[in-house]
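I opened this notebook page to record what I looked up in the structure below.

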Amino acid sequence: MSRTRVLFHVTHLRRGGGIESSLISLLNILDRSLFSVGLSIAYPTDDLDTIFRQRIPADVQVHMLGPQRWLSYCRNLKITGRLKWPGRIYEELLLPQIRKRVFRSRIKRIAADYDIIIDYDLSLARFACDFGKPFLGISHFRFPERLSINKRKYRTFAHYYQRYDAMIAICKAMQEGGKKLFPLLADRFATLYPGFDQADIRRRADEPVEGIPDGPYIVSVTRLEETQKDVSTLIKAFALLVQQHHIAESLLLVGQGRHRSELERLSVDLGVRDRVVFFGFTPNPLPYVKHARLMVLSSKFEGLPTALIEGLMLGQVLVSSDCPTGPREILKDGRAGLLVPVGDAPALAAAMLRGLQDANLRNRLHAEAIAHADEFGINAFHYRFQQLLQRLGVRIAAGSPWPLSSDQIDRISRAPNQEPT
């Protein structure tokens with residue numbers, strides 16, 4: 001039997017995004033004895049050529065829906081915040097319907113050569129459906145409760161979601177939220193944790209890099225964007241540790257974003273600017289995570305944060321806001337890392353202090369992190385992905401060749417909400 005042909009679709013590839021990181025990981029780990037893989041991208045970006053081309057496996061056929069400049073130029077200006085009038089009129093009023101027809105025709109031709117279509121960011125159903133083969137959508141963020149009071153948006157989303165044969169959430173809390181919000185589609189929801197190559201993560205963490213602080217430091221790999229990431233709470237907590245407990249560690253912020261200048265001003269106002277390093281973007285943040293004494297995530301909300309999973313796989317001591325969704329599942333309800341209320345700087349500072357100074361706690365968290373990391377590894381993903389496809393009627397070329405132990409199979413098969421009902 002020939003390999004199952006899988007086409008992934010994503011809007012674009014941009015640096016610093018968790019969706020992009022998990023997609024690249026998935027493209028690399030899918031078993032090529034069972035699957036052949038393609039990738040459809042709506043819009044080209046500079047980051048596609050400068051960062052992602054070398055990370056996409058050579059055997060993945062890349063299809064571009066909008067390579068022409070007239071289709072993508074204003075869109076790229078918009079997503080980087082540089083689109084001005086009259087470009088906004090062209091992009092937001094004149095182009096959408098034309099682009100929708102062009103994309104619909106192109107994706108239909110591309111999809112004809114594949115056995116299953118996976119919409120990796122829930123963007124494809126807006127202009128395409130009825131592929132005549134299984135069509136899956138993957139949600140990387142929780143389904144907003146505000147849809148229940150905005151009837152127009154609710155009907156729009158429900159219309160799009162019913163086009164998918166399965167709605168895949170990347171964590172259990174997200175799946176339950178989706179089922180509650182869209183009860184008529186409840187039987188289509190399932191959970192599938194992304195798969196991460198722990199050996200590759202450890203290899204990349206050992207790569208030589210520049211800029212690792214000479215002294216002890218705390219790290220946060222995050223986008224400097226306050227609406228979601230709430231880095232200001234982390235800086236406030238760090239200032240409390242410096243001023244009240246006189247810790248020796250500096251704070252290393254790995255990432256970029258539109259609120260960097262505001263966060264720099266906050267660190268000045270709090271008197272810790274000389275202790276906070278705004279490192280910027282790097283394609284490989286893992287060495288900075290490995291050598292830190294502590295890793296922190298301070299988000300207001302998440303999907304399933306990739307940076308936290310990578311920290312887990314490196315056995316790092318982790319502190320995170322208990323935000324919806326993701327951190328609680330990744331940190332095993334607080335057993336593989338410390339959880340604190342969202343936006344609570346004193347509580348975050350207290351947890352960070354424990355993580356820095358309590359040697360017994362550090363050893364226990366390290367051991368729990370390494371053990372729990374298997375839930376997000378390659379073997380667990382392969383098992384669940386194959387089970388999902390079989391339930392959707394997709395024929396797999398052969399039985400699972402992955403070396404799962406009997407204990408792993410038992411744990412995965414008993415885990416709730418991992419497969420569609």
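I looked up D333 and found that it forms a salt bridge with R328, the closest N and O atoms being 3.7 Å apart. I applied the rule that a side-chain nitrogen of Lys or Arg lies within 4 Å of a carboxyl oxygen of Asp or Glu. D333 has a relative accessible area of 47% and R328 one of 36%. I list both as partly exposed, the class between buried (under 20% relative accessible area) and exposed (over 50%), with a 1.4 Å probe and protein chains only. I also noted that salt bridges with shared partners join K78, R88 and E92 into one network. The count by this rule comes to 20 salt bridges.

The model is predicted: local features need pLDDT of at least 70, side-chain atom pairs count only at pLDDT 80 or more, and totals for chains, interfaces and linings use all residues. Residues are numbered from 1 along each chain as its sequence is written, and side-chain values use heavy atoms, with hydrogens and water left out.

I next looked up R258, whose side chain meets that of E225 in a salt bridge (2.8 Å, N to O). This pair links distant parts of the chain, 33 residues apart: R258 is in the loop between strand 9 (250-254) and helix 9 (260-269), and E225 is in the loop between strand 8 and helix 8. I took helices (H or I, at least four residues) and strands (E, at least two) as DSSP runs, numbered from the N terminus. R258 is exposed at 59% relative accessible area, whereas E225 is buried at 11%.

Which residues does Q228 touch, not counting those up to four places away in sequence? I found F141, R223, S299, K300, F301 and E302, contact meaning heavy atoms within 4.5 Å. Q228 counts as buried, at 6% relative accessibility. Its side chain makes a polar contact with the side chain of R223 (2.9 Å). For this term I required a pair of N or O atoms within 3.5 Å, where within protein one must be able to donate a hydrogen and the other to accept it, and residues adjacent in sequence count only if both atoms are side-chain atoms. The backbone oxygen of F301 lies 3.0 Å from a polar atom of the Q228 side chain. Q228 and K300 are 72 residues apart in sequence, yet 5.3 Å apart in space, C-alpha to C-alpha.

Lastly, I looked up S25, which lies in helix 1 (residues 18-29). S25 is buried, at 14% relative accessible area.
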